[in-house]
Amino acid sequence: MSSPSIRIEGLTKRFGSFTALDGLTLELEGAKCVGFLGPNGAGKTTTLKMLTDMIFPTAGSCYINGTSVQADRKRALSQAGVLIESPEIYPSLTPRQALEMVADLRGVPEPEWHDRITEVLGEVKMADWADQRVGRFSKGMKQRINIAAALVHDPEVVILDEPATGLDPRGMAEVRAIVRGLKRRNRLVFMSSHILQEVTDVCDEVALIDRGKLLFYDTLENVKTRFSGGIVSLDVGLARPLVDEGLVRKVSGLPGVASCTALEPTRLRLQFSGGREGREALMEGLVGLKIGAISLGEPESALEEIYLKQIARGD
Amino acid sequence: MATPAPGATPAEAHATVPDSLTQVFRLSRYQLREYLFSRRFLVLVAVVATIGGIITAIVGHYRGALVSDNLAFYGSFWGGGADVVIVLAAVFFGGDAIAGEFQNKTGYFLMGLPVRRAAVYAGKYVAAFVASVAVLVLFLLILLGNGLYYFGTGAVPWQLGVSLLLAVVYLLAVLGATFLFSSLFKTSAYGFVLTAVLFLFGFTILQALVADLVKMEPWMVISYASPVIGNVFAPNASWALTGTITDVRAGPGGPVLSQVYTPGILEGVVIMLAYFLLTAIAGLLLFEREEFA
């Protein structure tokens, strides 16, 4: 049994004099979700399009499960589920017909179509629309069908380009649930996204590119530690407003706490250095202060801060 | 659960994907279904039925010379109408076959699948060909109905079968060119317009220029070949691989005003097949290199 993998070697793409991607090398292996981040025009979609043979590299190559996409697109893509650029589905087809076409061309045995299609339509919450024509659907509904099409053959590798595009908040949450489900089934998910919260929620690793160059690729935890100079932001939620300013100073004095700021009456922002044991000690310290601490965690904006700092460094 | 099974090796996963030839026919089946569901096929059937109805009304009204000779009847109406029906079918089914995938973004849905680009191109071509033949046969049946009514069952000439085959070969060539034009652009309208303009009068003008100005047989122009569909009904039809030249004079023994070139039947077939091969290969090569940027 081999673990799913994506390998990108020295991938370069030039459009005339413009270099969209400059020697990108990336190796992903195993069951996990890798977030692919970068500002508009950084080269994310260009990379994913070359990874799926929709455009051709100026130099370099891509491999899915060891098969070169450029040399044998059919074999390489047989093991991948792909969603690139929010495609349009033939408007006269129903979701069921569109997915039957995908299953048929991918060689899913016909007796399995019904169950498999029903399952993926259920996953993307489109079962009630299975027999309506796609032409009448909203952008978000079409995107759900596109996600279903990428999953209908239960692929080992899933490549998603901005999967939450056009989806409402509930749809975004459902996409996150689908990605978590894929991870549980030992799938490798490579997903570009602008939504950092989405990446923080479901991704184990992140790769950040800007102007066609890879800035970093690491686990989410390492990224946060590495780019914060060892100091991470932590938010403390309080059950009741903090009225005594002296308590803020006491919190600042806890081991590992570099500073403490009251963001809101019931929320403190700590700058903290220390590993897991340090956090355990911090929690004990907070409880010991009896300030009504009810939660301790990284702020939702942690990845965003790193992202913005790294992008700004290139400007 | 669907194949490949979780944990399947790459080889096992690939083994479930159909071979490219099977994918061509499956793709063409879905494309045909798209023609049906999108009503494109039904619209062209209605157009061809209307053309057939008008011919039926004209023949019924005037009769006389129009129905005096079965060969002349089929030569005029089938020979004259089939190439128009073929061009219409090519525009309807081929004009946006490739360009539409870019313009409508449906290509991103298709190209993420493990299908060779050549299989996509061929699948769409086969579907357009099958749909066009169906429409052509409808036109033939309408004319055959008229022929049977006026000349009886014993007067169906063998040339009609040959002419149908010639029309099918011409269809191959026209669709080949249409797919090439469609591969050249990422906007469907250009493919539609270029096919219609070139095949309805562009090639005919080019043919006249070559024949009248350059004074040579316009064998390199596809419109020169298409009249063989009707010429096959002529009692003195030439089956040669070369064309014949007829001088048009001002009067008996007068000066030659111009020369009329008529293709031999086999010459026409060679020209049409050459167009089919060249345009099919060129279109396929273009599509192989086209980027979904």
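I take a salt bridge to be a side-chain nitrogen of Lys or Arg within 4 Å of a carboxyl oxygen of Asp or Glu. I note at the outset that this is a predicted model, in which local features need pLDDT of at least 70 and side-chain atom pairs count only at pLDDT 80 or more, while totals for chains, interfaces and linings use all residues. Residues are numbered from 1 along each chain as its sequence is written, chains are lettered from A and ligands numbered from 1 in the order in which they are written, and side-chain values use heavy atoms, with hydrogens and water left out.

**Entry 1: salt bridges**

I looked up the salt bridges over all chains and found that the count comes to 29 by this rule. One of the pairs I opened is A:Lys213 with A:Asp22, whose closest N and O atoms are 2.9 Å apart. A:Lys213 lies in strand 10 of chain A and A:Asp22 in strand 2 (residues 18–29) of chain A, so this pair ties together parts that are 191 residues apart in sequence. Helices (H or I, at least four residues) and strands (E, at least two) are taken here as DSSP runs, numbered from the N terminus.

**Entry 2: the interface of chain B and chain A**

I then turned to the interface, where the rule finds 5 salt bridges between chain B and chain A. I looked at the side chains of B:Lys105 and A:Glu85, which meet in a salt bridge at 3.5 Å, N to O.

On the side of chain B that touches chain A, the elements that give two or more residues are helix 1 (10–15), helix 2 (20–37), helix 6 (107–110), helix 7 (117–151) and helix 12 (265–289) of chain B. Helix 2 of chain B gives the most to this side, with 9 residues. I sorted the residues of this side of chain B into 22 nonpolar, 11 polar and 14 charged, counting Ala, Val, Leu, Ile, Met, Phe, Trp, Tyr, Cys and Pro as nonpolar, Asp, Glu, Lys and Arg as charged, and the others, Gly among them, as polar.

With contact meaning heavy atoms within 4.5 Å, 47 residues of chain B are in contact with 51 residues of chain A. The buried area, which is the accessible area (1.4 Å probe) that two parts lose on being put together, summed over both, is about 4,500 Å² between chain B and chain A, and carbon and sulfur atoms give 57% of it.

**Entry 3: chain B by itself**

I listed 12 helices and 2 strands in chain B, and the elements run α-α-α-α-α-α-α-α-α-α-α-β-β-α from the N terminus on. The C-alpha trace of chain B spans about 85 × 45 × 30 Å along its principal axes.

**Entry 4: the sheet of 6 strands in chain A**

I traced an open sheet of mixed pairing in chain A, in which 6 strands follow the order 6-7-8-3-9-10; two strands pair if DSSP finds at least two bridges between them. Strand 6 (80–83) and strand 10 (213–219) of chain A stand at the edges with a single partner strand each, so one side of each is left without a neighbour in the sheet. The twist averages 15° from one strand to the next, with axes being lines fitted to C-alpha atoms, for helices over the stretch in contact, and angles running from 0 to 180 degrees between N-to-C directions.

Strand 9 (residues 205–210) and strand 10 of chain A run antiparallel and are joined by 6 bridges, and A:Ile209 stands opposite A:Leu214 in strand 10. Helix 5 (residues 139–151) of chain A lies across strand 6 and strand 7 (157–161) of chain A, at about 165° to strand 6.

**Entry 5: the sheet of 4 strands in chain A**

I found here an open antiparallel sheet of 4 strands in the order 12-13-11-14. Strand 12 and strand 13 of chain A form a hairpin with 2 residues between them. In strand 13 of chain A, A:Arg269 is the bridge partner of A:Thr261 and also that of A:Asp235.
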